[in-house]
Amino acid sequence: MATTTDVPPSFLDEENYIRENNAPPNCRVAAANAVVHICRTTKSGHILVYAPGSGEIATIKAMINKTCRELHVSVLFSALSLEMQREALRLASDRDKRRCLIATDIAIKAPAQYSIRYIVDTGLRKLSIYNPRLNMCMLETRPISRATAEHRSQKAAGCVCVRLYPYSAYEEMPEEDDRDHLNESAHLEVLRLLAGGVTNLAYYHWEKTPYPDTLARAVQDLVAMDLVDEDGKLTDTGKLVNAIAESCTGLEPAWALAIHEAARLGCIEEVVAIAAICSAKSDIFQDHIGIERIAGIVQAKFANGPSDHLALLNAYAQYQCLVRQSQPLEVTELWCKLHTLNLNALKEVDEMVKKILTRAVVMKPLAQLSQNASAQRKGLAGRDAAILEAIARGFCTQIALHKGPSDRYCTFDTNVEALLHAKSALVGIRSQWVVYTRLSRRSRRHFLDIVSAVDVNWLLGLKNFQPGALGLGRDGKVRQPAYNAALDAARANATAIATPEENETARKIN
């Protein structure tokens with residue numbers, strides 16, 4: 001195998017790689033042992049270790065610190081603040097002391113001016129995999145591609161690369177990365193194709209053909225959101241939502257639908273801001289390793305009721321106040337640092353908000369809805385309720401019902417039991433109905449990310465919450481009886497408190 005480095009990469013022996021039950025060794029232990037061996041058998045040269053994620057990085061660092069205390073260890077991964085990343089690279093460029101940098105693939109893009117002499121490659125990485133059957137993102141550890149393996153070994157000229165896997169494992173690796181194919185849903189692309197008149201999605205000439213389950217999930221959700229009818233044609237709402245998604249730089253249909261609902265409810269600017277925050281590449285809240293509890297306390301100051309969405313909006317609104325005051329950049333940076341906010345992410349959100357609002361204003365149907373809503377809601381309270389209603393109706397396929405005594409919920413559409421994130425504003429509140437932006441799996445557990453409590457009455461008129469919309473099992477019974485009972489109770493309660501005129505209108509409609 002040819003590389004541009006002076007020293008060819010060395011592979012782990014096959015018999016050392018395969019241990020008991022034909023399982024490879026633990027990458028954490030193997031990486032730590034490799035670093036300790038290099039440190040004890042050589043006298044100079046910094047060491048770079050490629051690890052899958054932050055959890056593995058923390059474990060490897062702890063193991064090295066216990067065994068090889070004379071080595072100064074620093075870490076580098078994307079969740080760190082920009083300042084901490086710069087500090088890690090600064091320490092790695094120190095030639096006076098021997099150092100070890102443990103990093104993810106972010107180190108490949110980092111400048112190579114520091115004196116890296118030894119590279120330890122675990123051959124693994126973390127990937128966000130989309131599961132269409134559960135409509136969930138899963139963070140999984142998977143082997144790297146051959147291209148990534150070559151990039152890692154060529155990080156510094158003249159270095160020694162130690163690969164913690166045999167040549168047979170290298171041969172089984174894919175040639176190139178395929179992250180986009182694994183990580184994305186097909187909702188937006190399917191909506192675009194249906195808007196263009198393409199109905200036979202299975203035989204469409206895709207650049208990268210999605211998995212059949214991914215296509216089925218996209219069509220199922222678009223029909224449930226009432227954007228597409230049973231014949232595969234866009235409804236009137238679907239046409240407007242597609243126009244919003246197209247004009248707003250590829251916004252996901254759920255967020256485009258939420259913006260449509262927000263225009264009707266008179267809170268379009270607020271929902272656009274939340275959509276931009278949740279669609280940005282980076283989180284606006286920083287993860288601070290070692291001071292997670294302090295960061296949680298600081299971020300809790302932005303809380304606004306039982307809603308993570310409103311907390312994000314509150315943080316962005318306070319940043320906007322600072323921008324309008326034309327404060328010096330140093331003041332803004334210090335404020336963001338004290339409040340554990342990512343300034344670069346906030347700037348990205350700012351640009352997205354301006355772009356979306358500029359394009360949304362020129363859309364006549366949306367502008368008309370917004371004007372009518374503003375006239376109706378002028379001087380009325382309930383802005384926060386309107387925002388959450390718009391998000392709940394947009395994400396009507398991502399609703400969950402509280403289950404059990406703890407913060408455990410069951411998703412409405414996929415019947416998955418999931419927990420709240422520890423930093424969620426809803427922890428301990430146990431709201432009966434919630435809307436979530438994303439369902440994910442980490443450490444073998446399912447979590448609801450960015451969650452808000454909602455009023456079930458906002459959902460009763462939606463297509464996928466009508467009687468008979470719940471799926472049936474092979475025995476002919478409803479698969480989710482708890483949901484059926486909760487919705488029946490909500491309908492009965494809504495009928496009991498409705499006025500006679502409303503009941504008569506509902507009777508005529510039915």
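**Exercise 1. Helices α2 and α3**

Task: In this predicted model, describe how α2 passes α3, including the hand of the crossing, and list the residues that make the contact.

Solution. 
- Step 1. The hand of the crossing of α2 with α3 is right-handed.
- Step 2. Two packed helices are described by the angle between their axes and the distance between the axes. Helix α2 covers residues 27-41 and helix α3 covers residues 54-67; their axes come within 9 Å and cross at roughly 40 degrees.
- Step 3. Because of that angle, α2 is oblique to α3. The cut-off needed here is that angles under 35 degrees count as roughly parallel.
- Step 4. From α2, the contact takes in Cys27, Arg28, Val29, Ala31, Ala32, Val35, Val36 and Arg40. From α3, the contributors are Glu56, Thr59, Ile60, Met63, Ile64 and Thr67.
- Step 5. Sorted by kind, the residues of this contact of α2 with α3 are nine nonpolar, two polar and three charged.

**Exercise 2. Helices α15 and α16**

Task: Find the relative direction of α15 and α16, and say which residues of the two helices meet.

Solution. 
- Step 1. The axes of α15 and of helix α16, residues 329-338, come within 11 Å, and the crossing angle is roughly 160 degrees.
- Step 2. An angle over 145 degrees counts as roughly antiparallel, so α15 is roughly antiparallel to α16.
- Step 3. The crossing of these two helices, α15 and α16, is right-handed.
- Step 4. On the α15 side stand Ala315, Gln318, Tyr319 and Leu322, and they meet Thr332, Trp335 and Cys336 of α16.
- Step 5. The contact of α15 with α16 holds five nonpolar residues, two polar ones and no charged ones.

**Exercise 3. Helices α9 and α11**

Task: Give the angle, the hand and the residues for the crossing of α9 and α11.

Solution. 
- Step 1. Helix α9 is made of residues 187-195 and helix α11 of residues 236-247. Their axes come within 10 Å and cross at roughly 120 degrees.
- Step 2. Angles from 65 to 115 degrees count as roughly perpendicular and those over 145 as roughly antiparallel; with the angle given, α9 is therefore oblique to α11.
- Step 3. The crossing in which α9 passes α11 is left-handed.
- Step 4. Leu188, Leu191, Arg192 and Ala195 of α9 make the contact with Val241, Asn242, Ala245 and Glu246 of α11.
- Step 5. In the contact of α9 with α11 there are five nonpolar residues, one polar residue and two charged residues.

**Exercise 4. Two buried residues**

Task: For threonine 214 and leucine 89, find the helix and the accessible area. Then name the residues that threonine 214 touches, and give the distance from leucine 89 to leucine 101.

Solution. 
- Step 1. Threonine 214 sits in helix α10, residues 212-224, and is buried with a relative accessible area of 5%.
- Step 2. Leaving aside residues up to four places away in sequence, threonine 214 touches Tyr130, Pro132, Glu184, Ser185 and Ala186.
- Step 3. Leucine 89 is part of helix α4, residues 82-92, and is buried at a relative accessible area of 17%.
- Step 4. From leucine 89 to leucine 101 there are 12 residues in sequence, while the C-alpha to C-alpha distance is 8.4 Å.

**Exercise 5. Positive phi**

Task: Where are asparagine 415 and isoleucine 450, and what is phi in each?

Solution. 
- Step 1. Asparagine 415 is in the loop that runs between β10 (408-411) and β11 (417-420).
- Step 2. Although not a glycine, asparagine 415 has a positive phi of about 60 degrees. With a relative accessible area of 43%, asparagine 415 is partly exposed.
- Step 3. Isoleucine 450 is in strand β13, residues 445-453. This residue, isoleucine 450, is also other than glycine, and its phi is positive, near 55 degrees.

**Exercise 6. The whole protein**

Task: How many helices and strands are there, and what percentage of the residues is buried?

Solution. 
- Step 1. The protein has 21 helices and 13 strands.
- Step 2. Of its 510 residues, 48% are buried.
- Step 3. Among contacts with a separation of 6 or more, 69% are between residues 24 or more positions apart.

Note on methods. Residues numbered from 1 in each chain as written. Predicted model: local features only at pLDDT ≥ 70, side-chain atom pairs only at ≥ 80, totals over all residues. Heavy atoms only, no water. Axes fitted to C-alpha atoms, helices over the stretch in contact; angles between N-to-C directions. Helix = DSSP H or I, 4+ residues; strand = E, 2+ residues; numbered from the N terminus. Left-handed = near helix turned anticlockwise from the far one by under 90°. Contact = heavy atoms within 4.5 Å. Nonpolar A, V, L, I, M, F, W, Y, C, P; charged D, E, K, R; others polar. Buried < 20%, exposed > 50% of the residue type's maximum accessible area, 1.4 Å probe, protein only.
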